[in-house]
Amino acid sequence: MEMPVEFRFGDVTWHASAASFPRAEAWLQRHFLSIFDRVDSLLKKDTGSRVAAADGFVIKESTARRGRSGVRFGMRRSGSLRAFRLGVELTRLGVRTPRPVAWATVRRLGIRMRDFLITEHVCAASSLSARFEECRRHAENRKRLMEALGHLLASFHVQGYSNRDLKDTNVLAGGDDGRELWAVDLDGVRRIRITRRRAIKDLWPIVRSLKMHGMGDANDKQNILNGYNSLSTLGLRMEELPGNY
């Protein structure tokens, strides 16, 4: 990986690739930190996490929660640095995930207080949940979407990465027909040896998301496997999912 450009903005030390630095600095001047207070920009707000988007970029802020999880957050290494490096590598390998732009970690007396990660915005993308509703009663579109989900997971596995959190809220649907799927939020991604057992476990969040939306019948599951098998290596291909799926 190329040496990043380090710069200060908003009392925060930021890091960006040389190619991304000019755009990142200009974007921060326009939007940081006010973007999280604008209703039209805020995409998500949970305990310990805020996500907002404007002018082609998405920014995620992660902060410590209360209790033991907050202590663990403070003591761990930079999550935004890990996500940045992982996003760069996955993009290079052809896995469809938003391209990382810049990252920052704020520490106080060595304790991590918050992380920031900026990525490129997937233009004209909708949530996977919305895509489920659109294709619920259209058999061919539904089939293609299921195949795309299986294909997306396989794109991680063939490169040696597990994604144990590929649920509906972590997938965006883009492209003209909504079948270009993008994996967002890489917290559940790890580089490990992919076994059949690991592959089956990684499929579960997809099936669970379908069930939550009243989908996930036998045809859906088979089409997911068809999409998965179309890209996966021979040793990981499956004819059917276990019965408890």
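Mentor: The discussion below turns to a pair of helices and then to the nonpolar cores. Please note that this is a predicted model.

Trainee: What describes two packed helices?

Mentor: In general, two packed helices are described by the angle between their axes and by the distance between those axes. Here, helix 6 (residues 196-212) packs against helix 7 (residues 218-229) at about 135°, and the axes are 11 Å apart. Angles over 145 degrees would count as roughly antiparallel, and helix 6 and helix 7 are therefore oblique to each other. Their crossing is right-handed.

Trainee: Which residues of helix 6 and helix 7 make the contact?

Mentor: Helix 6 contributes Ala-199, Leu-203, Ile-206, Val-207 and Leu-210, while helix 7 contributes Lys-221, Ile-224, Leu-225 and Tyr-228. Sorted by class, this contact has 8 nonpolar residues, 1 charged residue and no polar ones.

Trainee: How many residues has the largest nonpolar core, and which have the most contacts inside it?

Mentor: The largest nonpolar core has 37 residues. Those with the most contacts inside it are Leu-90, Phe-132, Met-146, Phe-156, Leu-181, Leu-203 and Ile-206. Among the elements that each supply at least two residues of this core are helix 3 (79-92), strand 10 (171-174), helix 6 and helix 7. Helix 5 gives the largest share, 8 residues.

Trainee: With which residues is Ile-206 in contact, leaving aside its neighbours within four places in sequence?

Mentor: Ile-206 then touches Leu-149, Leu-153, Leu-166 and Ile-224.

Conventions:
Residues numbered from 1 in each chain as written. Predicted model: local features only at pLDDT ≥ 70, side-chain atom pairs only at ≥ 80, totals over all residues. Heavy atoms only, no water. Axes fitted to C-alpha atoms, helices over the stretch in contact; angles between N-to-C directions. Helix = DSSP H or I, 4+ residues; strand = E, 2+ residues; numbered from the N terminus. Parallel < 35°, antiparallel > 145°, perpendicular 65-115°, else oblique. Left-handed = near helix turned anticlockwise from the far one by under 90°. Contact = heavy atoms within 4.5 Å. Nonpolar A, V, L, I, M, F, W, Y, C, P; charged D, E, K, R; others polar. Core = buried A, V, L, I, M, F, W, Y, C linked by side-chain atoms within 4.5 Å. Buried < 20%, exposed > 50% of the residue type's maximum accessible area, 1.4 Å probe, protein only.
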